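Thanks for coming. I have one structure to show today, and I will keep to a few of its parts.

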Amino acid sequence: MDMTFLLQLLINGLVVGCIYSLVATGFVIIYKATSALNLAQGEFLMVGAYICLDLMTRHNIPFFQSFLITLAFSAVLGLIIERVILRPLIGSHLISVIMVTLGLSSILKALVQLAYGTDTIPFPEVFPPEPVQIGPIPVSQGYLYAIGCVTLLVTLLTLFFKYSKTGVAMRATASNQQVSLSMGISVKKMFALSWAISAIVSAVGGILLGTIRGGIDMSLSFMGLKVLPVVILGGLDSILGAIVGGVIIGVLENLSGGYVDPFVGGGAKEVAPYIALILILMFKPYGLFGKKKIERV
Amino acid sequence: MRCGDFKTSYAADMTIFESNSARIMLGLFLCLLFTVPLYTPGYVLDIANRIGIAVIGAVGLNILTGFTGQISLGNAAFMAIGAFSSGYLGTRFGLPFFLCIPLAGLMTAFFGMFVGIPSLRIKGLYLAMATLAAHFIVEFLVVKWESVTGGVAGLSIPPPKLGSFAFDTDARLFFLIFVIAIMAVLFAKNLFRTKVGKAFIAIRDQAISAEVMGVNILKYKLLSFGISSFYVGVAGALVAYQAKIISPETFPITVAIDYLGMIIIGGLGSILGSIYGAVFITLLPELLRLSTSALAGPFPLLVAKLAAMKELVFGIFVVVFILFEPHGLAARWHRIRNYWKIYPF
């Protein structure tokens, strides 16, 4: 019995962690390329989920098509935001960049609230509801699809960054902007592209979360803040770190939800990632895979 | 006619009032300010009180973020600590408010310095994240530590009393809040004429050069966290007196974002800017409410969407200010004033 409970927690953690990984990847892509901290990542996720839901329920478009349209929409949203808001701020102070993404998150949240209200909207069933037996425990099929989807997307991203010309150009931009400029890479285009990719990846996370939870509301935007412990644990500029960190934080969250919550009466699940964040910052500020920048002040 | 900067001594450059007329104008303004409760209704006074509290908090945050360059997203948590420690001291030990408020400030200052310790190893966005994490941890503790904070139900705060005189109406609170706010602004204004304030600015501009020039970074960063948190804690204590009941929901993360918005819109690194920003951000929802109730006839849906509208307008203002007026209202005001000073030219 106890073992099943533990396994159940681990699987839940793994699934949520996968989605954390996905959103964290989006976060890291932007940070690596443009060194901007995007605190509106959770809103990208929320907007993606709402758009997909809207297409499916109001316009009766099948899931797969709405999924693709949502991705296209997110890409355009990312491009527009980069062009209009972030590009004029290149090179400006960190406080401005952080604050502008906070302002952006207010705007996106408000727009979603104006359009869809604050109530939880049920997400139509996409995956068959019958659970699959893995060993002793039943696992819902949505979870398996989510894990599969995340794995596929992460693999695609890795291949893209490793082999495609654009991907290599993006990595070059991340490593040294001046050199890449002199090699004929359009740094501006790479910045725009990284916002687009990040928005797409987050939208996928949002849609998966919607299908797993069976309903979406404004609380989806908190995922953006949940991602911060993940990227700190993994290292702010490492995609591999984001993936590993996501799974670790997801599992940690569910374990503390299962084992600590009964003693403190709830809430430990929400706060555990942030306690982890503080500890990591104190003992290993560049995370598991982050690049160490030595500067003593 | 004055058409430039003709300062010939350090003292002249450092003076708060450029001329006697500025001094007289400010004096007149303060006299007018303290007659406000005589002829305004409670609703307006309530807003005025909130502005006064926001001024204290925004000046505090600006000392840390605008002048010392340390980003803090933990402002709401600091306010909560100030509010709950003042409330606890007042209700449990029956301390009078003139002890509660400074003690709450000190408590918050200690906590702020504790949070500030990592700022020596980490900076910039790492610090932003650490303070954000501190916010959520404090929120958790406030909910859980029921014996002190009253948990989810909250704590009800009796009005502050001086002998048999109770500050129990908005008009009476107005005097308490604004006297403290004026002291806070004056202290901050003078702080940046001293060595300590200049050290803060040096750390913001170039931490390494500051250290080379003999500024003890550890000491001054912590001092900045301490002073800033003291302000925010005092603001929190006043929020408690004004709201009369405080619970964990009184201080959500949006409060911290609102305060950052105040100093961004008002002007980073400007005391006057913090005041403008505090007034602006506090008035914003009220103006929206007025305009939506005026438009409620033709667009009845607007009233229900007020919260979202407020958030939308706030976000747009923050983004627009950062893009087009990064130095905030204070810089814009300076430009307008200088334009008129040398008008025909």
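This is a predicted model: local features need pLDDT of at least 70, side-chain atom pairs count only at pLDDT 80 or more; totals for chains, interfaces and linings use all residues.

Let me start with where chains A and B meet. The contact involves 34 residues of chain A and 38 residues of chain B. On the chain A side, the elements that give two or more residues are helix H4 (94-116), helix H9 (223-234) and helix H12 (268-283). Which of them gives the largest share? That is H4(A), with 16 residues.

Staying with H4(A) for a moment, this helix has 23 residues. From first C-alpha to last, H4(A) reaches 33 Å, close to the 33 Å expected at 1.5 Å a residue. After the helix comes A:Gly117, with a positive phi near 80 degrees.

Now to the core. The largest nonpolar core has 197 residues. Those that touch the most other members include A:Ala49, A:Val231 and B:Met129.

Take A:Val231, which sits in helix H9 of chain A. Is A:Val231 buried or exposed? There are 29 C-beta neighbours inside 10 Å, so A:Val231 counts as buried. Leaving out residues up to four places away in sequence, A:Val231 touches A:Ala24, A:Phe27, A:Val28, A:Leu236, A:Ala242 and A:Gly245. A:Gly287 is 56 residues from A:Val231 along the chain, and their C-alpha atoms are separated by 8.0 Å.

On to chain B, and helix H3, residues 42-67. Its 26 residues should span 38 Å at 1.5 Å a residue, and the end C-alpha atoms are 36 Å apart, which agrees. H3(B) does have a kink of about 30 degrees, centred on B:Leu61. The helix is mostly covered, with 19 of its 26 residues buried. Just after H3(B), B:Gly69 has a positive phi of about 75 degrees.

The last item is a helix pair in chain B: H9, residues 195-205, and H11, residues 217-243. How do they pack? Their axes are 10 Å apart, at an angle of about 105 degrees. H9(B) and H11(B) are therefore roughly perpendicular to each other. From H9(B), the residues in the contact are B:Val196, B:Ala199, B:Phe200 and B:Ile203. They meet residues of H11(B), among them B:Ile217, B:Tyr220 and B:Leu223.

That is where I will stop.

Definitions and conventions
Residues are numbered from 1 along each chain as its sequence is written. Chains are lettered from A and ligands numbered from 1 in the order in which they are written. A nonpolar core is a set of buried Ala, Val, Leu, Ile, Met, Phe, Trp, Tyr and Cys residues joined through C-beta atoms within 7 Å. A residue is buried if 20 or more other C-beta atoms lie within 10 Å of its own, exposed if 12 or fewer, and partly exposed in between; C-beta atoms are placed from the backbone. Helices (H or I, at least four residues) and strands (E, at least two) are DSSP runs, numbered from the N terminus. The expected span of a helix is 1.5 Å times one less than its number of residues. The bend at a residue is the angle between axes fitted to the seven residues ending there and the seven starting there. Axes are lines fitted to C-alpha atoms, for helices over the stretch in contact, and angles run from 0 to 180 degrees between N-to-C directions. Angles under 35 degrees count as roughly parallel, over 145 as roughly antiparallel, 65 to 115 as roughly perpendicular and the rest as oblique. Two residues are in contact if their C-beta atoms, placed from the backbone, lie within 7 Å.
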